[in-house]
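User: I would like to learn how to read the features of a structure like this one. Please take them one at a time, with the general idea before the case.

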Amino acid sequence: MITRILMATAAILGGISVALGAFAAHGLREKLSQRAMEIFETGTRYQMYHALALLLVALLLSRTETGESTLVAAGAAFIIGTIIFSGSLYALSLTDIKWLGAITPLGGVAFLVGWGCLAVSAWNFK
């Protein structure tokens, strides 16, 4: 069940990343400053990277006979990281509320935790 949830979440996050990227390119280019566009595009890029990483986690999880807790933790960290990292960048670029930039590194830490969990899982993978 968790494999399906992670795979579906990866697909949803990937699709949202494409939609937001297209929205920014066509609907926001004239409304946002160049810097705000760069911030927004960073959010979409990292969202896509981690949607693909989440898909990898789901595929690896589908190949294990028992639930690999570090893979599940990696998936959760990638989801949380995407929400915090990309979400704060989207909000920052659209509102210019500077303190939102202080939240972004927390999402980055979640990404690092996810990659660390994935590394541990890879080392223990059978």
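User: Is valine 72 buried or exposed, or partly exposed?

Analyst: Buried means under 20% relative accessible area, exposed means over 50%, and partly exposed is what lies in between, with a 1.4 Å probe and protein chains only. Valine 72 has 31% relative accessibility, so this residue counts as partly exposed. Valine 72 sits in helix α3. Helices are DSSP runs of H or I with at least four residues, strands are runs of E with at least two, and both are numbered from the N terminus.

User: What should I know about the source of the model and its numbering?

Analyst: The model is predicted: local features need pLDDT of at least 70, side-chain atom pairs count only at pLDDT 80 or more, and totals for chains, interfaces and linings use all residues. Residues are numbered from 1 along each chain as its sequence is written, and side-chain values use heavy atoms, with hydrogens and water left out.

User: Which residues make a nonpolar surface patch with Val72?

Analyst: A patch is made of residues with over 30% relative accessible area and no salt bridge; like charges are joined within 9 Å, and nonpolar side chains (Val, Leu, Ile, Met, Phe, Trp, Tyr) within 5 Å. Accessible areas come from the Shrake-Rupley method with a 1.4 Å probe, and for residues only the protein chains shown count as cover. Here Met1, Ile2, Ile5 and Val72 make a nonpolar patch of about 370 Å².

User: How many helices and strands does the protein chain have?

Analyst: The chain has 4 helices and 0 strands, in the order α-α-α-α along the sequence. Its C-alpha atoms fill a box of roughly 50 × 25 × 20 Å along the principal axes. Of its 126 residues, 40% count as buried. The chain exposes about 7200 Å², and 70% of that comes from carbon and sulfur atoms.

User: How far apart are the end C-alpha atoms of α1?

Analyst: The expected span of a helix is 1.5 Å times one less than its number of residues. The 27 residues of α1 should therefore span 39 Å, and the end C-alpha atoms are 36 Å apart, which agrees. The buried residues of α1 include Leu6, Ala10, Leu13 and Leu28. Among the parts that cover the buried residues of α1 are α2 and α3.

User: Which residues have the most contacts inside the largest nonpolar core?

Analyst: A nonpolar core is a set of buried Ala, Val, Leu, Ile, Met, Phe, Trp, Tyr and Cys residues joined through side-chain atoms within 4.5 Å. The largest one has 20 residues, and those with the most contacts inside it are Leu6, Leu54, Val57, Leu71, Ala74, Phe78 and Leu118. At least two residues of this core come from each of α1 (2-28), α2 (34-62), α3 (69-95) and α4 (104-124). The helix that gives the most is α2, with 7 residues. A second, separate core has 7 residues, among them Leu28, Leu32, Ala36 and Met37.

User: What does valine 57 touch?

Analyst: Contact means heavy atoms within 4.5 Å. Leaving out residues up to four places away in sequence, valine 57 touches Leu6, Leu71, Ala74, Gly75, Phe78 and Leu118. Over the protein chain, 74% of the contacts between residues at least 6 apart in sequence join residues at least 24 apart.

User: How is serine 86 placed, buried or exposed?

Analyst: Serine 86 has 0% relative accessibility, so it counts as buried. This residue is in helix α3. Serine 86 touches Gly43, Tyr46, Gln47 and Gly81, again not counting residues up to four places away. Isoleucine 83 also has its place in helix α3, but with a relative accessible area of 57% isoleucine 83 is exposed.

User: How many salt bridges does a search of the whole structure find?

Analyst: A salt bridge is a side-chain nitrogen of Lys or Arg within 4 Å of a carboxyl oxygen of Asp or Glu. The search finds 3. One joins glutamate 41 and arginine 29 at 3.3 Å, N to O. This pair links distant parts of the chain, since glutamate 41 is in helix α2 and arginine 29 in the loop between α1 and α2, 12 residues apart. Arginine 35 and glutamate 38 form another, with their closest N and O atoms 3.4 Å apart. Both of these residues lie in helix α2, 3 residues apart, about one turn of the helix. Aspartate 96 and lysine 98 also meet in a salt bridge, at 2.7 Å, N to O. Lysine 98 is exposed, with a relative accessible area of 60%.
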